Amino acid sequence: EILIGLVGSEMCIRDRTMGMASCGDDIYYTTIQNSDEKLCGKNWVDESGEDGEAYTYLLKFGANNKGQEVTITYEAGGKVTVDREFSWRWLDESKEAIRLTFADNTAKIFENVWVREHYLSGKLNGEVMMLVDANYK
């Protein structure tokens with residue numbers, strides 16, 4: 001049996017025999033929504049390096065809205081490590097963007113954030129990032 005009804009300005013068709021909806025299912029959305037629990041307590045790492053150069057980028061987000069950014073590069077003079085702490089917050093309730101504010105009052109915006117069990121992706125200050133949980137490797 002197929003039921004047709006208006007939901008807001010959208011038409012929604014439900015098939016009772018299959019139990020599936022063709023439009024906005026809140027249960028599905030909440031299972032894919034980003035959360036502090038998915039984001040925090042992991043070491044998110046990218047070791048992709050450009051032009052054959054060794055490079056490591058690490059982000060850590062804490063439940064206390066504190067975090068750490070570590071960049072490790074290798075130059076002719078050896079290994080260079082930049083380690084900076086930041087405070088962070090979701091930009092709004094959609095939890096699709098994060099503002100990282102550093103001690104020197106500079107900030108980075110992490111947009112289109114997508115947190116999964118072992119992956120964190122998005123656009124950090126305009127650069128597309130794909131980070132992996134360091135413990136997953």
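1. Ser 35 counts as buried because its relative accessibility is 14%, where buried means under 20% relative accessible area, exposed over 50% and partly exposed in between, computed with a 1.4 Å probe on protein chains only. This is a predicted model, in which local features need pLDDT of at least 70 and side-chain atom pairs count only at pLDDT 80 or more, while totals for chains, interfaces and linings use all residues. Residues are numbered from 1 along each chain as its sequence is written, and side-chain values use heavy atoms, with hydrogens and water left out.

2. Ser 35 sits in the loop that connects α1 (26–32) with α2 (36–39); helices (H or I, at least four residues) and strands (E, at least two) are DSSP runs, numbered from the N terminus. If neighbours within four places in sequence are set aside, Ser 35 is in contact (heavy atoms within 4.5 Å) with Trp 90 and Lys 95. Between the C-alpha atoms of Ser 35 and Ser 94, which are 59 residues apart along the chain, the separation is 9.6 Å.

3. Turning to the strands, β5 (residues 55–61) is mostly covered, with five of its seven residues buried. Two strands pair if DSSP finds at least two bridges between them, and β5 is joined to β4 (residues 43–46) by four bridges in an antiparallel arrangement. Leu 59 of β5 is the bridge partner of Trp 44.

4. Strand β5 also runs antiparallel to β6 (residues 66–75), to which seven bridges join it, and Phe 61 has Gly 67 in β6 as its bridge partner. The hairpin of β5 and β6 has four residues between the strands, and Asn 65 takes a positive phi near 65° there.
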